[in-house]
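Dear colleague,

Please find below the structure that I am handing over to you, followed by an account of what was found in it. I would be grateful if you read the two side by side.

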Amino acid sequence: MVQYVARRLLLAVPLLFGLSILAFAYVRVIPGDPVTAMLGVNSDPELVARLRDQLGLDEPWYQQYLSWLGNVVTGDFGISYRSRMPVSQILIDRIPATLELALGGLVVGLLIAIPAGLYAGFRRGSRADNVITGATLVGLATPGFWLGTLLMLLLALQLGWLPSQGYVPFGVDPAQNLRLLVLPSLTLGLAIAPYLARLTRTAVVETGGEPSVSYARAQGLPEGTVARTVVLRISMPSLIVAIALTVGFLLAGSIIVEELFNWPGMGRLVAAGVSERDYPMIQALMLVYGAIFIVVNVVAEVLQGLLDPRVRLT
Amino acid sequence: MTGDQPLLSVRDLAVEFGRGTRVSRPVDGVGFEVGEREIVGIVGESGCGKSLTLLALLGLLPSGGRVVNGSITFGGRDLRGADPSVLRSLRGRQVALIPSDAGAALNPVARVGKQLRLSLRTHHPDLTAQQRRGRALDALRRARLARPEQALAAYPHELSGGMQQRSAIALGLQNEPRLLLADEPTTALDVSIQAEILRLLVQLRDELGTAIVFVTHDISTVREICDRVVVMYAGQVVEQGGVEDVLTSPRHPYTAALLGSIPPLGGVPPEQLETVPGMPPDPAAWPGGCRFQARCRRFTELGEPDECTSTWPGSADGLALGAACHFPLEGVRR
């Protein structure tokens, strides 16, 4: 088990390495230039040249890449062009807020999607199934920022139940932190719930066709027992893995939600970083998002292994 | 058959799938009886409706399937019109199913012991945990599992194919049902284990008095364990009777063709085994008259008589002994 986790994490190293190349190439391929972004279009050419030299942008690309990579390995992601602060320092400040939001969104999403998906899956073809499946289609087609704005208008501005935006660290004021968390997590959760509900429904429907299910019925087991001990138990391990794969949507959605609700997480750095061509920041963000995705998926696979005796964690 | 009333009586059973113009009727007028302690074989090619007949008995037809005609009487009770809850209380308790592939049918994420206990808890809720364990162990021992304690703690995939099948048999027998429905219980196993499982079924019938319906496409296994045999073709019963009668002097050309496709017991094997030419007809468009006629050698030999294409030669409820054929074979001993 420990060995399995260690090996999975080791396998993540080449993945992260590939990601580092992508991140490095990506910022340089998109049009625009960090120095122009910093100094403006009509700036003194001498100043531009000095800054380029200072930032090491005149060196050959492989040299830039290698020196960046060398620093990253030691945990040094460089200095942000925009704020002149160490990127790692900024990220450490921001990561908890993003994780809190992502977790909140996931919890809301699962609370809505799992019961809905199970209900639809166990009553396939019924009116309830049609309603739920129809609702997921509408949900998939609804943009998150629009939904978030509506929720903000309704719950915060109209009804005044919740603060509309902002952030207070949990350590400072837990109650206020949670109150502020509700709207963004609701938005994020509602945005991913349709995916999760569809995954759940599909898992239940697919497992429902397994010989084990009809055999359990042939043993005279009550439907509730069949659902719990056979259908759910069989589909859960793979469902967990499928849900882990939606963490990509979750992280992408969090970028928009953070912007909308003024939530000081990593997502807000993305838009600013890209618009100002803050190379070290964008590269670091891509790596961190990638790492979160990988860790979540390794955890999901371990859970799958623990829940499904046929999977050997070696 | 013993007693006045058979344990199970099926008459003129028909099962349909689909709606409107897309209706198909894969089981169409099947009838047979099973007495106490009797082993009845149902033989036929895949798709002849034998497994669907079993599922119809259990009230577990796949979605879209429904019984549209006929009657099913078990222990004096009508099962066709029975409430789903009545059927559920019978399933696993009085009528148990032995699946064709226990490896696929057993719950892959539950230990064998748990599956046995779950079924005991459903059908005997008043047993204590210790009694349940005892009964589960007994059942595994009866199914001749070499190390029952270990099997209790094992997940199905940790057992061999034969042990999986024995576990499923234990699961079927632990509630002491009156009838076992064995749906090709040996097809997933290799030949030596097949023979052991067949012997086990006969032993269990002798020890416990459980009647067995044994569904198979392999007519040679019927000879080994069955008292009576029902031969099915294209959703109908084409011949039934005692195993000796039917297998040694088959009267229906289809039965004869099936027997011709396997090597005879003893004697010199023929140069070439026969095959039944062609394919069974489509259940969505059964031909009129005798459904076997298109593949029947006798039909050609006799100069394609009209009766064969115009009228169904069988009985109305499918129960009649003998062959459903206008020109049955006579005195052909194999």
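Between domain 1 of chain B and domain 2 of chain B there are 2 salt bridges, a salt bridge being a side-chain nitrogen of Lys or Arg within 4 Å of a carboxyl oxygen of Asp or Glu. B:Arg166 and B:Glu196 form a salt bridge through their side chains, with 2.7 Å from N to O. The interface of domain 1 of chain B and domain 2 of chain B also has 7 residue pairs in polar contact, both residues being at pLDDT 80 or more. A polar contact is a pair of N or O atoms within 3.5 Å; within protein, one must be able to donate a hydrogen and the other to accept it, and residues adjacent in sequence count only if both atoms are side-chain atoms.

On the side of domain 1 of chain B that touches domain 2 of chain B, helix 2 (84-90) and helix 8 (191-208) of chain B each supply at least two residues. Helix 8 of chain B gives the largest share of that side, 9 residues. Helices (H or I, at least four residues) and strands (E, at least two) are DSSP runs, numbered from the N terminus. By class, that side of domain 1 of chain B holds 9 nonpolar, 4 polar and 6 charged residues. Here Ala, Val, Leu, Ile, Met, Phe, Trp, Tyr, Cys and Pro count as nonpolar, Asp, Glu, Lys and Arg as charged, and the others, Gly among them, as polar.

Some notes on provenance belong here. This is a predicted model, in which local features need pLDDT of at least 70 and side-chain atom pairs count only at pLDDT 80 or more, while totals for chains, interfaces and linings use all residues. Residues are numbered from 1 along each chain as its sequence is written, chains are lettered from A and ligands numbered from 1 in the order in which they are written, and side-chain values use heavy atoms, with hydrogens and water left out.

The domain assignment of chain B gives domain 1 (1-94 + 178-334) and domain 2 (106-176); such bounds come from an automatic or database domain assignment. Taken over C-alpha atoms, the centres of domain 1 of chain B and domain 2 of chain B are 30 Å apart. In contact (heavy atoms within 4.5 Å) are 19 residues of domain 1 of chain B and 14 residues of domain 2 of chain B. About 1,400 Å² is buried between domain 1 of chain B and domain 2 of chain B, with 61% of it on carbon and sulfur atoms. Within domain 1 of chain B, the most area is lost to domain 2 of chain B by B:Arg93, B:Leu200 and B:Leu208, together 34% of what that side buries. Buried area is the accessible area (1.4 Å probe) that two parts lose on being put together, summed over both.

As to the two chains, 19 residues of chain A are in contact with 23 residues of chain B. Chain A and chain B bury about 1,800 Å² between them, and carbon and sulfur atoms give 65% of this area. The interface of chain A and chain B has 0 salt bridges, but 8 residue pairs in polar contact, both at pLDDT 80 or more. Helix 9 (211-218) and helix 10 (223-245) of chain A each supply at least two residues of the side of chain A that touches chain B, and helix 9 of chain A gives the largest share, 6 residues. That side of chain A has 9 nonpolar, 6 polar and 4 charged residues.

Chain A itself has 13 helices and 0 strands, and its C-alpha atoms fill a box of roughly 85 × 55 × 35 Å along the principal axes. Over all chains, 24 salt bridges are found. One of them joins A:Asp33 and A:Arg52, whose closest N and O atoms are 2.9 Å apart. A:Asp33 lies in the loop between helix 1 and helix 2 of chain A and A:Arg52 in helix 3 of chain A, so this pair ties together parts that are 19 residues apart in sequence.

With kind regards
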